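Student: Please take a close look at one part of this structure, the surroundings of the ligands. I would like a single connected account.

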Amino acid sequence: MTPTPVPVLQVQDLRLTLPGTARPVLDGVDLTVGAGETVALVGESGSGKSLTSRTALGLLPPGAIASGTVRVEGEDTLTMSAARLRALRTGDVAMVFQDPRAALNPLRRIGDFLTEGLRAAGTKQEAATARAVELLDAVGLDASALGKYPSQVSGGMLQRVMIAAALMGDPSLLLADEPTTALDVVSQAEVIALLTKLRERFGTGLLFVTHDLDLAAAISDRVYVMYAGRIAETAPAETLFAGPRHPYTAALLASTPRPTAQGGRLAAIAGQPPDLRTTIEGCAFAERCPLATGLCRERAPEPLPDPARPGHLAACHHTDRLVAEGTPADA
Ligand SMILES: Nc1ncnc2c1ncn2[C@@H]1O[C@H](COP(=O)(O)OP(=O)(O)O)[C@@H](O)[C@H]1O
Ligand code: SF4
Ligand SMILES: [Mg+2]
């Protein structure tokens, strides 16, 4: 039997508590990204997606208290030394953020930005520049970008530069946090196509964070749906979109705009996610869920597998009713 490879990212029972809150902002998160796998982390704004992905780089907000484990290639970032974390951030793990302009120093040329990590690690300028040119080429840009300032290129091009920068250290894990949200539709599609191509070429594991379920469907092998700091449902992408087993996923799918759906955007989910200043007794989605019962308000549902569908877990007491009665939006 061949041994199972170590996942590039393995988050287990991650709890994160921030100062001044009544409950953990991340509450028992389990998530893995396999080598070369593309995994989407989806949920409404404020659900804890960015906090989850940033723990892979050991980037915790000030005063945060974390428990559980966050392993990158088997090493726990929650207990790692500062020196090891720095090395990790210029090597095994890289991150692409929503707004490339905010992440770049406007007074530095793109070439200096691309090569600084390798230079700091002792690589000679010539070799670092050669690598930068190779990666610019991989993201569809030519070497002339090296001499330009961020203000001289478009947002879409700048996000390509950020992706090239992220790949400079040949990472095994790339964290992309809403990388296309700030871009126009054409650049968005280009960046998605590019990430897919690069995954195939470099074999990088990708955690793609987004609030857009359609985007997640387009890019990922597997999906995690997050709600109020908990994983509500996870499954292979095709399985999840064909048959959600959690009312929140079903509601998200019903509220996602689809070109084929008459009238465009369907009803958004009524209500708001629970405030961090309140505690939650049972299911975090109970206040907004059309299937909620007394049991839901008393006891938090555990993620349970579907024996018929490998890798499909849903944390809901009434999955069977959802499957039998259709999506809440149908009700
Ligand atoms: N540095 C921080 N200090 C205090 N609260 C924070 C901080 N970062 C995030 N939060 C809160 O934690 C929750 C989850 O945030 P985040 O992970 O950014 O959500 P998402 O990326 O899903 O939109 C939000 O309610 C947010 O306001
Ligand atoms: S556990 Fe209850 S409240 Fe929560 S999603 Fe399932 S049916 Fe809705
Ligand atoms: Mg975010």
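Tutor: Ligand 2 is surrounded by 13 residues, and the closest are C283, C289, A292, C296 and C316; a residue is near a molecule if its C-beta atom, placed from the backbone, lies within 6 Å of it. That shell has 10 nonpolar, 3 polar and no charged residues, where Ala, Val, Leu, Ile, Met, Phe, Trp, Tyr, Cys and Pro count as nonpolar, Asp, Glu, Lys and Arg as charged, and the others, Gly among them, as polar. This is a predicted model, in which local features need pLDDT of at least 70 and side-chain atom pairs count only at pLDDT 80 or more, while totals for chains, interfaces and linings use all residues. Residues are numbered from 1 along each chain as its sequence is written, and chains are lettered from A and ligands numbered from 1 in the order in which they are written.

Around ligand 1 the shell has 5 nonpolar, 6 polar and 1 charged residues. Its members include L18, V25, K49, P61 and L276, and S47 is also one of them. S47 sits in the loop between strand 3 (38-42) and helix 1 (49-55); helices (H or I, at least four residues) and strands (E, at least two) are DSSP runs, numbered from the N terminus. S47 counts as buried because it has 24 C-beta neighbours inside 10 Å, the cut-offs being 20 or more other C-beta atoms for buried, 12 or fewer for exposed, and partly exposed in between, with C-beta atoms placed from the backbone. Leaving out residues up to four places away in sequence, S47 touches M226, Y227, A228, G229 and P273, contact being C-beta atoms, placed from the backbone, within 7 Å.

Terms used. Two residues are in contact if their C-beta atoms, placed from the backbone, lie within 7 Å.
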